[in-house]
Amino acid sequence: MTRIRLFLCIIAISLPSLAAAQTMNFEKAGAMLAASCGKDIDDNCRGVNLDATRLRECLGRNQDVVSAKCRTDYPQALGAIQARITARTSLVKLCNWELNRFCGEVRQDPVKGLQCLLESTKKATPNCNKAISAAGYQ
């Protein structure tokens with residue numbers, strides 16, 4: 001149980017949530033997963049690498065023994081985590097024009113590029129702003 005809680009705490013702490021977005025943020029998804037499935041994960045997914053894909057596979061494989069609450073909640077929680085990861089992964093592609101136009105040299109540094117991008121949202125295209133929101137940065 002401590003392993004899954006540690007994993008969920010790392011997700012909650014290490015990934016910034018600067019504002020609420022339309023999808024569930026990492027912290028809420030991690031908390032939902034821990035509350036609904038912590039015991040089931042500990043009992044049935046011991047030894048599984050705790051990334052969203054492998055955890056989903058393990059819980060799906062053990063659906064006949066996991067609790068009803070876990071079966072109900074884990075698709076939503078893991079889906080929200082995956083949606084955020086996908087949004088953050090595609091952010092550079094969707095905001096490439098803004099990064100080139102407003103961020104120049106700092107765009108190569110992920111932290112400075114993101115900071116520059118967030119400071120340029122008033123000048124950014126609607127698609128880029130939508131991507132920033134989907135990633136949970138505004």
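**Largest pocket and overall architecture**

Helix H6 contributes most to the lining of the largest pocket, supplying 4 residues. The structure is a predicted model, in which local features require pLDDT of at least 70 and side-chain atom pairs count only at pLDDT 80 or more, whereas totals for chains, interfaces and linings use all residues. Residues are numbered from 1 along each chain as its sequence is written, and side-chain values use heavy atoms, with hydrogens and water left out.

A pocket is here an open set of points on a 1 Å grid over the protein atoms alone, where a 1.4 Å probe fits, with protein on both sides within 12 Å along at least five of seven lines; lining residues have an atom within 4 Å of a point. The lining includes Arg88, Arg107, Asp109 and Tyr137. By class, it comprises 7 nonpolar, 1 polar and 3 charged residues, with Tyr and Pro counted among the nonpolar types and Gly among the polar ones.

The protein contains 7 helices and 0 strands, these being DSSP runs of at least four residues (H or I) and at least two (E), respectively. Of its 138 residues, 38% are buried, that is, under 20% relative accessible area with a 1.4 Å probe, protein chains only. Among contacts (heavy atoms within 4.5 Å) with a separation of 6 or more, 55% join residues 24 or more positions apart. The accessible surface, from the Shrake-Rupley method with a 1.4 Å probe, comes to about 8100 Å², of which 56% belongs to carbon and sulfur atoms.

Notes. Buried means under 20% relative accessible area, exposed over 50%, partly exposed in between (1.4 Å probe, protein chains only).
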